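Student: I have a model open and would like to learn how to read it. Could you take me through its features one at a time?

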Amino acid sequence: MSLFDAFLYLSVPSHFLILVGGVLLGIAIGVMPGITAGMLLALVLPFTYYMTSTNAVVLLVSLFIGGVSGGLVTATLMRIPGEPNAVMTCLDGYPMAKAGRPGRALGLGNAGSIVGGAISWGALVLLAPPLAKIAVVLGPWENFALVVMALVLISSLSGGSFIKGLMAGLFGMLIAMPGVDETSGMLRLNFGFHELDGGLDQLPVIIGVFALSQVIADTMHIGQQNMEHVRANMRGIMISLRDYVTHGWNMVRSSVIGVWIGILPGVGATIASIIAYTTAKNLSKTPEMFGKGSEEAIVAAESANNATTGGTLIPLLTLGIPGGLADSILLGALVIHNLQPGPLLYINNPGIVNAIMAAHLTAHVVMFVLMSVGVLLFARLALLHRAWIFPTVLVFCVIGAYALNNRGFDVWVMLAFGAIGFGLEYAKAPLAPFVIGLVLAPLAEKELRSGLMSSGGTLMPLVQRPIALGFLVVAVLMFIWPLWRDWRRRPKADAAVS
Amino acid sequence: MKQRMSRERRADLWLAIAMIVVSAAVWWQASKLAPAPFDPLGPKSFPMWIATALGLLSVVAVIIVLCGRALGRSDTSLILGIGDEAPSDYALRPGLAVAASALTLAYVAALTLTGAGFLWTTIAYIAALGWAMSERTRRHTLIAAIIAVVAGSGITYLFTKIFVLDLP
């Protein structure tokens with residue numbers, strides 16, 4: 001299936017309905033504070049097992065796009081980011097809405113979202129195929145070095161604490177170790193529990209870490225929804241062509257920032273919107289308006305966070321390395337459907353790659369239309385009491401963990417990882433490296449062992465092969481850089497304290 | 001006078017200790033595995049390397065915390081609201097979160113360890129949790145009950161009749 005065929009596939013009513021349903025559900029979930037797109041993806045994943053692989057990826061991509069976009073409504077009308085990435089939109093969307101222009105604020109955000117999405121789709125279509133052609137020639141040593149680089153990169157870029165990022169990544173890798181060792185067929189690390197003979201399934205772990213722990217955290221904040229909010233209206237929701245021209249450069253610049261931040265593993269839409277917002281403020285002729293209802297600010301934040309959606313798909317499709325949580329779940333979906341993520345996907349299943357690309361753009365267009373005409377309905381959803389939603393979401397967590405293997409043990413695993421996710425987040429350890437470690441550990445081990453078997457047990461090819469060496473050098477630099485940065489900052493911090 | 005450790009450093013310390021325990025357990029279990037023929041690495045080396053790296057890193061983390069520094073905090077949170085400072089405009093309800101966790105634990109135990117059926121257990125769970133999270137007025141109690149019956153029966157119908165799935 002070519003890219004054109006993939007668009008034709010999506011034009012079939014039943015397939016289009018899956019896409020529209022996904023976007024609609026994604027926006028609805030994105031609108032509700034606390035229920036995140038990642039959580040929705042984790043919950044829906046087990047049920048995609050009963051769909052064709054093409055429909056499954058179409059559904060997941062459209063849920064992702066809808067979820068990323070829906071946060072705009074709550075951020076603008078309630079000053080609560082419905083999704084973490086909408087945090088910068090709150091700063092200016094809410095003041096503009098409060099000043100009597102909620103429709104205008106939502107319209108600008110929506111316009112930024114569609115432009116960001118379209119530009120990131122262009123980047124995905126242009127950059128992914130040549131990168132995949134390069135990636136397909138990589139051998140086991142290069143692939144192993146690539147995973148090492150991705151883990152170090154994600155730990156050092158995921159902000160705040162490098163050491164905690166690495167700890168979370170290594171912990172995620174250990175969680176992937178129990179079960180039957182694929183190469184030797186030997187059983188390992190079951191700690192005497194036969195239930196662990198098959199290992200820990202990724203799905204209950206991901207549902208526990210991202211869905212269960214989020215609901216428990218939101219329960220603590222349930223009083224937040226009684227806060228003041230602005231009533232939505234449709235006036236100004238469709239912005240003019242002139243507005244697109246006025247904000248055009250800002251949209252393009254913020255989208256490019258979003259695409260590049262999206263490509264970096266684990267950094268994600270929140271950081272992209274912060275960087276785009278800061279850049280727009282630094283370059284603005286009216287920086288004093290930022291934080292008080294600036295149009296430029298809303299456009300920058302929303303363009304950037306939607307632009308990450310295409311960027312994060314690039315490393316997933318070309319290297320098999322997920323750029324963030326949603327991609328980790330998409331990667332899980334590919335594995336469930338017996339598809340090998342990475343460059344070989346282009347050779348063995350080009351239809352799936354093209355379906356992902358076509359769904360990415362179509363979902364953005366559908367999102368734009370739905371957000372433009374349905375904003376009043378979505379605004380009402382944001383006010384729905386969490387007490388009527390959370391219990392049902394928790395039941396879905398239980399069914400989702402159980403459904404794949406019909407094992408009660410998986411439900412307990414989900415509960416345990418709900419507690420672990422809560423604990424990691426409480427200690428402010430980043431969860432992105434944990435997921436990437438969990439997903440990539442089997443690949444890293446398989447590639448290393450395959451390389452060692454072909455080299456007769458020596459690790460020398462890691463430094464003799466230029467691409468593998470290049471990846472390792474980047475990993476070492478990314479390892480040293482945060483330590484050096486912290487060491488440089490320390491005397492200043494100490495001086496400030498004294 | 002002896003200074004108390006900040007909440008952030010205490011959390012860092014517990015995180016590092018937990019990681020040391022996990023890495024030690026994995027290392028010990030992996031070390032008991034026999035090497036595999038024709039495979040230079042075998043099934044035990046990779047987990048042992050990872051456990052060693054995690055253990056060493058965690059020991060470094062403990063030393064940093066005991067020397068009076070925090071490990072820093074992630075600013076790319078994927079889950080909102082855990083460990084945040086108490087907000088000024090509404091009250092946090094940690095007790096409710098504990099109650100929700102306990103109810104969920106009881107629900108899973110009832111489903112997986114007893115013969116309680118999915119439909120009635122789910123209706124009871126949704127009703128109890130919905131009521132606990134609501135404002136607990138008579139109106140909200142009624143809404144919680146209606147939602148429990150509709151959602152419980154709807155989910156059961158959806159998964160058993162349409163998706164044809166086994167439910168716990």
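Tutor: Gladly! Let's start with domains: their bounds come from an automatic or database domain assignment. For chain B that assignment gives domain 1 (7-66) and domain 2 (94-162). The centres of these two domains of chain B, taken over C-alpha atoms, are 39 Å apart.

Student: What kind of model is this, and how are things numbered?

Tutor: This is a predicted model, in which local features need pLDDT of at least 70 and side-chain atom pairs count only at pLDDT 80 or more, while totals for chains, interfaces and linings use all residues. Residues are numbered from 1 along each chain as its sequence is written, with chains lettered from A and ligands numbered from 1 in the order in which they are written.

Student: What does chain B average in pLDDT?

Tutor: pLDDT is the predictor's confidence in each residue, from 0 to 100. Chain B averages 86, and 88% of its residues score at least 70. The model as a whole scores ipTM 0.91 and pTM 0.81.

Student: How many residues of chain A are in contact with chain B?

Tutor: Contact requires C-beta atoms, placed from the backbone, within 7 Å. By that rule, 78 residues of chain A meet 72 residues of chain B. By class, the side has 46 nonpolar, 23 polar and 9 charged residues. Here Ala, Val, Leu, Ile, Met, Phe, Trp, Tyr, Cys and Pro count as nonpolar, Asp, Glu, Lys and Arg as charged, and the others, Gly among them, as polar.

Student: How do I read a helix pair?

Tutor: Two packed helices are described by the angle between their axes and the distance between the axes. Axes are lines fitted to C-alpha atoms, for helices over the stretch in contact, with angles from 0 to 180 degrees between N-to-C directions. In chain B, the axes of α4 (residues 118-133) and α5 (residues 138-162) come within 8 Å and cross at roughly 150°. That makes α4(B) roughly antiparallel to α5(B), a label for angles over 145 degrees. Their contact has 13 nonpolar, 6 polar and no charged residues.

Student: And in chain A?

Tutor: There, α11 (residues 248-263) and α13 (residues 295-319) pack at about 35°, with their axes 6 Å apart. Their contact divides into 12 nonpolar, 13 polar and 1 charged.

Note on methods: Contact = placed C-beta atoms within 7 Å. Helix = DSSP H or I, 4+ residues; strand = E, 2+ residues; numbered from the N terminus. Parallel < 35°, antiparallel > 145°, perpendicular 65-115°, else oblique.
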